[in-house]
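Subject: The two-chain model, handed over

Hi there,

Here is the structure I promised to pass on. Have it open while you read, and my notes on what turned up follow below.

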Amino acid sequence: MPINYYLFLSLALFTIGMVGVLTRRNAIIIFMCIELMLNAVNLLLVAFSKMHYQAAFEAGQVAGQAGVDGQLFVFFIMVVAAAEVSVGLAIIVMMYRNVHSVDINFLNRLKH
Amino acid sequence: MALFSALMVITSKNPVYSVLWLIITFFAISGHYILLNAQFLAVVNIIVYAGAIMVLFLFVIMLMNARQEGPTGSKRWITLAGTVSGGIFLLVLVAALKDSELKARTAMVMDGQIGLIKVLGNELFTRYVVPFEISSILFLSAMVGAVVIGKKD
């Protein structure tokens with residue numbers, strides 16, 4: 001499958017996530033859109049990893065390890081995203097406890 | 001399907017529906033991973049994202065009872081400006097990458113060994129063992145941080 005399709009698919013996903021971050025007012029939905037952008041990047045990394053692997057495969061190499069790095073990076077991105085979500089949601093819960101809202105218009109000042 | 005459900009994520013008024021659409025998006029992305037024969041990442045994606053993270057989001061949303069957006073809903077011009085700028089961003093990137101030299105390259109589909117757990121695990125615990133340990137420390141600190149932040153003071 002041509003790499004272009006994956007490229008455009010993840011571009012579109014990333015853009016949708018970006019539009020969501022720009023337009024929505026709910027802090028949780030903004031957070032979810034950030035997850036969407038991370039996943040778009042992950043998809044593109046896996047696609048490029050397979051592209052690299054196929055290039056090495058066609059070049060007649062053993063192709064044992066080519067492209068493994070990309071998939072491991074995706075793994076690490078997932079790890080970091082999980083940690084980020086736990087901390088971020090804790091922060092959102094704390095702000096909700098203080099301000100009783102998750103609307104970012106009310107959260108634009110860091111103290112209350 | 002991924003695009004449609006991703007669109008529904010940002011257009012749903014109710015955050016709970018938004019989470020459910022996001023889960024569908026993640027399943028579609030996992031389908032792409034399976035298609036690319038990256039089985040380990042597909043399974044991890046479903047378990048970590050669709051399982052753990054989305055359950056966390058649902059818990060927080062239901063905990064806050066934040067069904068509707070507040071009195072200051074999205075203003076029209078903000079929505080318009082965000083959509084237009086996102087569209088321009090997409091247009092620029094597509095135009096830049098349309099004629100790149102990658103056009104002739106293809107990704108290997110339904111074949112290849114590198115997505116399997118055996119190869120990935122072998123690589124992860126030999127060349128990438130130090131980042132792996134560092135990420136475990138990151139997890140520990142994130143856990144402690146979440147507990148400290150969430151603690152009632």
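One definition before we start: a residue counts as buried if 20 or more other C-beta atoms lie within 10 Å of its own, as exposed if 12 or fewer do, and as partly exposed in between. Please also keep in mind that this is a predicted model.

B:Asn37 sits in the loop between H2 and H3 of chain B.

**Chain A**

Chain A has 3 helices and 0 strands, so the pattern along its sequence reads α-α-α. Of the 112 residues in chain A, 51% are buried. Among the contacts in chain A with a separation of 6 or more, 50% are between residues 24 or more positions apart.

H2(A) and H3(A) cross at roughly 175 degrees, and their axes come within 9 Å. Because an angle over 145 degrees counts as roughly antiparallel, that is how H2(A) and H3(A) are described. On the H2(A) side, the contact includes A:Ala27, A:Ile28, A:Phe31 and A:Glu35; on the H3(A) side, it includes A:Phe73, A:Val74, A:Ile77 and A:Gly88. By class, the contact of H2(A) with H3(A) has 12 nonpolar, 6 polar and 1 charged residues.

For a view from helix H1 of chain A, go to A:Phe14, which is placed there. A:Phe14 has 23 other C-beta atoms within 10 Å and is therefore buried. Leaving aside neighbours within four places in sequence, A:Phe14 is in contact with A:Met37 and A:Ala40. A:Leu45 is 31 residues from A:Phe14 along the chain, and the C-alpha atoms of A:Phe14 and A:Leu45 are separated by 13 Å.

**Chain B**

In chain B, H2(B) and H3(B) pack at an angle of about 175 degrees, with their axes 9 Å apart. That angle makes H2(B) roughly antiparallel to H3(B). From H2(B), the residues that meet H3(B) include B:Val19, B:Leu22, B:Phe26 and B:Tyr33; from H3(B), their partners include B:Leu41, B:Asn45, B:Tyr49 and B:Phe57. The contact of H2(B) with H3(B) has 19 nonpolar, 3 polar and no charged residues.

H6(B) is hardly covered, with a count of 1 buried residue among its 22 residues. At 1.5 Å a residue, H6(B) should span 32 Å, and this agrees with its end C-alpha atoms, which are 32 Å apart.

**Where the chains meet**

A:Ile28, A:Met32, A:Glu35 and A:Val46 in H2(A) meet B:Leu41, B:Ile53, B:Phe57, B:Val60 and B:Ile61 in H3(B). The residues of this contact divide into 8 nonpolar, no polar and 1 charged.

**The core**

In soluble globular proteins, nonpolar side chains tend to be buried together. Here, the largest nonpolar core has 55 residues. Those with the most contacts inside this core are A:Ile28, A:Met32, A:Val46, A:Ala47 and B:Leu41. H1, H2 and H3 of chain A, together with H2 and H3 of chain B, each supply at least two residues of this core, and H2(A) gives the most, with 16 residues.

Happy browsing, and do write back with any questions.

Best wishes

Key: Residues numbered from 1 in each chain as written. Chains lettered and ligands numbered in written order. Predicted model: local features only at pLDDT ≥ 70, side-chain atom pairs only at ≥ 80, totals over all residues. Core = buried A, V, L, I, M, F, W, Y, C linked by C-beta atoms within 7 Å. Helix = DSSP H or I, 4+ residues; strand = E, 2+ residues; numbered from the N terminus. Axes fitted to C-alpha atoms, helices over the stretch in contact; angles between N-to-C directions. Parallel < 35°, antiparallel > 145°, perpendicular 65-115°, else oblique. Contact = placed C-beta atoms within 7 Å. Nonpolar A, V, L, I, M, F, W, Y, C, P; charged D, E, K, R; others polar. Expected span 1.5 Å × (residues − 1).
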